[in-house]
Amino acid sequence: PPRVPELDLDGYRMVPSVRDFPIDWAILLENIMDPDHGLFAHQAKPFDLYTASKDRPQDVSEETTHDGTGWTLQASVDAVDKLLKFDREIRGEAAATDKNEKDSEKDPPLRATSTFYAPSHVVLARKRPDGSVVSQTIFWVSPTGTGRSRFLATFAAKARVTPPRWLGHIILNNFLDQDTHLLATAQKYILEAEADALDADVSDPKIQVTGRARRNLFVYRSPTEKLQQRLCAFFDHTLPTAPGRAASLRSLSGISRAATPKREASLDRYEQHTKICPDSLECVEKCERIVTASRIFSVLVVVAKSFATVHRSSQSAWTAHLNDVLHPIKMGVALGFASIISFLANKVRQSFYFNYPEAKRDRDLSKIHTVWANPS
């Protein structure tokens, strides 16, 4: 896989993660390269640094290696608010200015770059005018079959400490769950459109196999989709020639009529991440041991208290000491502490299994109004 230079520099920290998705690699890459979805699917304001607007247009460039075997697509835009700036105007808060835009009035703003190294490597970075990197998120998305992919990702930035990997994995999985099911439900229509376009193209031997799926299926209206349109054109041109692609697509005939996947399947963290990640498996095992130890401790305390109560009339120093140790207040504190530790360990453990039901999804969607006001 392509190597990112900053990963080898002193001071840069990273927390790599992996997940196997029931989503086609091209669909996943299109989503990664689409910052417009960030405010709505993730309610995350930093995505707006990568969007474009009429006042802050997107510069898109392409580069082909000298031997014609490699292709790079990059979008660059000022790393300041665009959608959020418009949102403030809708809310009547036009006077408010974000910190990034204030900084850009003094010095040239950072540039938010989205770079796709064909066929499966993406780097999203904020860079200074001299090209040095402030922070970046790095992805490698490998096809493991039509409608399946393996996702590798890491965030790299200068920092003094590296957070525990298990914590980074929980945060990333929470983030990925927010749009994974959306992609899984849209996938069947996209793949069928690709299969239909492929059949249409090969029916006439005079027509070069270039594909029309995305060109006919998607509507590009946002200033940010200048990049998306070019990326989708690349996939329309190349996917039909990928080994085994045509045969696998034809085997999915009528896929759009297939049942919508259940959330428990499309968001099964254990199958997609935990069981293939040693760090997460170790965390799960430690949590299980903590829960077991807490329960054993609680049982022993209750048994000891019962024993001390039964033998309260005994004059032995040992029984007196036991009654003192198991004073109701001390006993309550000990059992409460054990209960809290057990509860927290179980919550962490659950984070490595299915953990994004509809209720949690609805709570996230209810936050959209905090980042985007509906003009109507």
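## Overall organisation

Contacts (heavy atoms within 4.5 Å) between residues 24 or more positions apart account for 71% of the contacts in the chain with a separation of 6 or more. The model is a predicted one, in which local features need pLDDT of at least 70 and side-chain atom pairs count only at pLDDT 80 or more, while totals for chains, interfaces and linings use all residues. Residues are numbered from 1 along each chain as its sequence is written, and side-chain values use heavy atoms, with hydrogens and water left out.

The chain holds 14 helices and eight strands, where helices (H or I, at least four residues) and strands (E, at least two) are DSSP runs numbered from the N terminus. Of its 376 residues, 43% are buried; here buried means under 20% relative accessible area, exposed means over 50%, and partly exposed lies in between, with a 1.4 Å probe and protein chains only.

## The largest pocket

A pocket is found on a 1 Å grid over the protein atoms alone, as an open set of points with protein on both sides within 12 Å along at least five of seven lines, where a 1.4 Å probe fits, and lining residues have an atom within 4 Å of a point. The largest pocket contains about 970 Å³ of space, a volume being the space filled by probe spheres set on the points, which are joined across faces, edges and corners.

Its lining is made of 41 residues, and those nearest the centre are Thr-137, Phe-139, Phe-155, Leu-172 and Phe-175. Among the elements that each supply at least two lining residues are helix 1 (25–32), strand 7 (133–145), strand 8 (148–158) and helix 5 (165–202), and helix 5 gives the most, with nine residues. By type, the lining divides into 26 nonpolar, 11 polar and four charged residues, with Ala, Val, Leu, Ile, Met, Phe, Trp, Tyr, Cys and Pro counted as nonpolar, Asp, Glu, Lys and Arg as charged, and the others, Gly among them, as polar.

## The second largest pocket

The second largest pocket has a volume of about 630 Å³, and of the 29 residues that line it, Asn-31, Asp-34, His-37, Leu-182 and Leu-183 lie nearest its centre. Helix 5 again contributes the largest share, nine residues, while helix 1, helix 2 (38–41), helix 7 (225–238) and helix 14 (358–365) are among the other elements that each supply at least two. This lining consists of 13 nonpolar, seven polar and nine charged residues.

A nonpolar core is a set of buried Ala, Val, Leu, Ile, Met, Phe, Trp, Tyr and Cys residues joined through side-chain atoms within 4.5 Å. In the largest such core, which has 38 residues, Leu-28, Ile-32, Phe-116, Val-122, Phe-151 and Phe-235 touch the most other members. Helix 1, strand 4 (71–78), strand 5 (111–117), helix 5 and helix 7 are among the elements that each supply at least two residues of this core. Leaving aside residues up to four places away in sequence, Phe-235 touches Trp-25, Ala-26, Leu-29, Glu-30, Phe-116, Arg-214 and Pro-240.

The expected span of a helix is 1.5 Å times one less than its number of residues. For the 14 residues of helix 7 that rule gives 20 Å, and the end C-alpha atoms are 20 Å apart, which agrees. Buried residues of helix 7 include Leu-231, Cys-232, Phe-234 and Phe-235, and helix 1, strand 3 (59–64) and helix 6 (213–217) are among the elements that cover the buried residues of helix 7.

Phe-218 lies in the loop between helix 6 and helix 7 and counts as partly exposed, at 24% relative accessibility. Apart from residues up to four places away in sequence, Phe-218 touches Glu-30, Ile-190 and Cys-232; the C-alpha atoms of Phe-218 and Cys-232, which are 14 residues apart along the chain, are separated by 9.2 Å.

## Backbone details in two loops

A cis peptide bond, with omega of about 10 degrees, joins Ala-118 and Pro-119, and Pro-119 is found in the loop between strand 5 and strand 6. In the loop between helix 2 and strand 3 is Gln-43, a residue other than glycine whose phi has a positive value, near 50 degrees. Gln-43 is buried, with a relative accessible area of 13%.
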